[in-house]
Amino acid sequence: MISMPEEKFIIRLFNVSKQYGKKEALKDLSLNIAENEFVFVTGPSGAGKSTMIKLLYRGETASSGDIIVDGLNLARISRKQIPALRRRLGVIFQDFKLIPTRTVYHNVSLVLEVAGRKPGEIRPLVMEALEYVGIDDRADELPPVLSGGEKQRVAVARAMVGAPRIVLADEPTGSLDPDSAARIFSLLEAVHRSGATVIVATHDQEMIRRHAVRVIRLENGRLVMPAQQDERLW
Ligand SMILES: Nc1ncnc2c1ncn2[C@@H]1O[C@H](COP(=O)(O)OP(=O)(O)OP(=O)(O)O)[C@@H](O)[C@H]1O
Ligand SMILES: [Mg+2]
C-alpha cells in the first residue's frame, strides 16, 4: 500500500477532523483508498462511520483537514461543483432514501436526467440497471409497496446506473434479513468487479469475515490500525 503511486489513490484524507458542536465525530483521520478497492468501514456505534461517508459525498464538510475524491478537493469546491462530484458517486443508505411518490423506474432515471443524459439513452440504461438487480418487473410500482430487500435493490440500481467511479454505502444491509443482505453484498461485489471503488460502512462482522477485503476500523472518531495479519478479523 505504501509503495503505491499517489495517482492510484482515488480517495485521500489528510488529518481530517469533524466537529458537531462540542462533539468531535472524527479526529485527525488520514487514509488513502486505491482505485477499485473494496473497503469496509467498521467500528462501534458512534465511532464516526456515517460521518466519514457523509464527508466523502459532501453531505457534510470537514472542520479541518483535506479530502480529495477523484481529484476534487472537497474543502475547495464550490456549491456549483457539488453536482459534478455527486455524478462520480453512487450512494446507498440503510433507509434506502427512495422517493415514495415516484415509480421504481423514475427513482433510477432521475439520476440520469439530472446528469443531463439524452432522453433516448435513459430508458435502456435504467432498464439494464433494474434487470441487473432483478427488479425490472416492478419498474412501474411505487417504493412503499416493495419489501426492504427490494427497495435496497432499487437503491443499488440507482447507485450504479450512472456508472460511477465510487460507490459509498452506509449500513446498506442494516435493515435487511440475512438473505436479502447477502444479495445486496453480491451486487456490491459485482459493482466492484465492474471497476468501481466500493466503500461500505457496516456493523456486520459476519459479512466482513466472509469477504477478504481491507477493513478500516474507527473507534471514537479515530482510526484503529489492526495488525496486518489480523486485518480480516477487524
Ligand atoms: N448532526 C450531528 N450533530 C451532532 N452530533 C452528531 C451529528 N452527527 C453525528 N453526530 C455524533 O458524531 C458521532 C459519530 O456519529 P456517526 O453517525 O458518524 O457514527 P456511526 O459510527 O455511524 O454510528 P452508528 O454505527 O450508530 O451508525 C456520534 O457521537 C454522533 O452522536
Ligand atoms: Mg452510522
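**Close-up 1. Lys 27 lies in strand 2.** The model shown here, and in the other views, is predicted. With 16 C-beta neighbours inside 10 Å, Lys 27 counts as partly exposed, because that class falls between exposed, at 12 or fewer, and buried, at 20 or more. Leaving out residues up to four places away in sequence, Lys 27 touches Ser 17, Gly 221 and Arg 222. Glu 219 is 192 residues from Lys 27 in sequence, and the two are 9.9 Å apart in space, C-alpha to C-alpha.

**Close-up 2. Residues around ligand 1.** The residues around this ligand are Tyr 20, Lys 23, Ala 25, Gly 43, Ser 45, Gly 46, Ala 47, Gly 48, Lys 49, Ser 50 and Thr 51. Two elements, strand 2 (23-34) and helix 1 (49-56), each give two or more residues to the shell. Helix 1 provides the largest share, three residues. Sorted by class, the shell around ligand 1 holds six polar, three nonpolar and two charged residues.

**Close-up 3. Helix 5 packs with helix 6.** Helix 5 covers residues 148-160 and helix 6 covers residues 178-193. The angle between them is about 10°, and their axes are 10 Å apart. Angles under 35 degrees count as roughly parallel, and the two helices are therefore roughly parallel to each other. On the helix 5 side, the contact is made by Gly 148, Gly 149, Gln 152, Val 156 and Met 160. Helix 6 contributes Ser 180, Arg 183, Ile 184, Leu 187 and Val 191 to the contact. By class, the contact of helix 5 with helix 6 has five nonpolar, four polar and one charged residues.

Methods: Residues numbered from 1 in each chain as written. Chains lettered and ligands numbered in written order. Predicted model: local features only at pLDDT ≥ 70, side-chain atom pairs only at ≥ 80, totals over all residues. Near = placed C-beta within 6 Å. Helix = DSSP H or I, 4+ residues; strand = E, 2+ residues; numbered from the N terminus. Nonpolar A, V, L, I, M, F, W, Y, C, P; charged D, E, K, R; others polar. Axes fitted to C-alpha atoms, helices over the stretch in contact; angles between N-to-C directions. Parallel < 35°, antiparallel > 145°, perpendicular 65-115°, else oblique. Contact = placed C-beta atoms within 7 Å.
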